[in-house]
Amino acid sequence: MAERKRLTAGDWTVAALDALSEGGLAAVAVEPIAVRLGTTKGSFYWHFSNRDALLEAALLRWERVNTEEVITLIDAEPDPHSRLRKLLDLTLAHPADQPVDRAMLTLQANASHPLVAPVFARVTRRRIDYITGLFAAAGFPPDPARRRGFLAYTAFLGHVHLASTTPELVPQGADRRDYVESVVATLTRP
């Protein structure tokens, strides 16, 4: 009998986040995830005390990967306009080109869940504050920067919804590049 790979808490967390993205909160269940990973529930209990601990780890991973790591990537750009363009290019990508924040829709729908609510609120604030900071760094006064940051973020949420429900309507190729440029031009117009 071949020796099984020893799973880590990270393996379980990634699988839980995938399950969350694909099937919502109910899909974050120990037995189906164990089957997906080709292991037993015993492996799960080696790393987590219960389902809520796994769900919390998945939410924290989503926050880190889809917010903090994206911000780190964007901050590598040399100026605020380049950062804004790269952020929009990344977040307005077609799902076939790059996965959008699929978990976002599930989390929005479950924003009152006691484990989801604080993470979702923190991520939303962090993202809007970051985008607002990009507009402020580009020279916009605080109030207009905040409004533009809010508008950019709500456009992203609409894009995530559209890409999830009717991906064929999302601009592709040259149309997507033109679309991103027009969004950047609209948001940065004085």
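User: Is Thr106 buried or exposed?

Analyst: In this predicted model, Thr106 lies in helix H6, which covers residues 103-109. Its relative accessibility is 11%, and the cut-off for burial is under 20%. Thr106 therefore counts as buried.

User: Which residues does Thr106 contact, leaving aside its neighbours within four places in sequence?

Analyst: The position in question belongs to helix H6. With those sequence neighbours left aside, the residues in contact with Thr106 are Leu20, Ser21, Gly24 and Leu25.

User: What is the relative accessible area of Thr13?

Analyst: Thr13 is found in helix H1, residues 9-23. Buried requires a value under 20%. Thr13 is classed as buried because its relative accessible area is 8%.

User: At roughly what angle do the axes of H5 and H7 cross?

Analyst: Two packed helices are described by the angle between their axes and the distance between the axes. For helix H5 (residues 80-91) and helix H7 (residues 116-137), the axes come within 8 Å. Their crossing is left-handed, and the angle is roughly 145°.

User: How many nonpolar residues does the contact of H5 with H7 hold?

Analyst: H5 contributes Pro80, Arg83, Leu84 and Leu87, while H7 contributes Tyr130, Ile131, Leu134, Phe135 and Ala137. By class, one of the contact residues is charged and none is polar. The number of nonpolar residues is eight.

User: How are H7 and H8 oriented to each other?

Analyst: The axes of H7 and helix H8 (residues 142-165) come within 8 Å and cross at roughly 125°. The crossing is right-handed. An angle over 145 degrees would count as roughly antiparallel, and 65 to 115 as roughly perpendicular. H7 and H8 are therefore oblique.

User: How many charged residues are there in the contact of H7 with H8?

Analyst: On the H7 side, the contact includes Thr124, Arg127, Ile128 and Asp129. On the H8 side, Arg146, Arg148, Gly149 and Phe150 are among the residues involved. The contact has nine nonpolar and three polar residues. The number of charged residues is four.

Definitions and conventions:
Residues numbered from 1 in each chain as written. Predicted model: local features only at pLDDT ≥ 70, side-chain atom pairs only at ≥ 80, totals over all residues. Heavy atoms only, no water. Helix = DSSP H or I, 4+ residues; strand = E, 2+ residues; numbered from the N terminus. Buried < 20%, exposed > 50% of the residue type's maximum accessible area, 1.4 Å probe, protein only. Axes fitted to C-alpha atoms, helices over the stretch in contact; angles between N-to-C directions. Left-handed = near helix turned anticlockwise from the far one by under 90°. Contact = heavy atoms within 4.5 Å. Nonpolar A, V, L, I, M, F, W, Y, C, P; charged D, E, K, R; others polar. Parallel < 35°, antiparallel > 145°, perpendicular 65-115°, else oblique.
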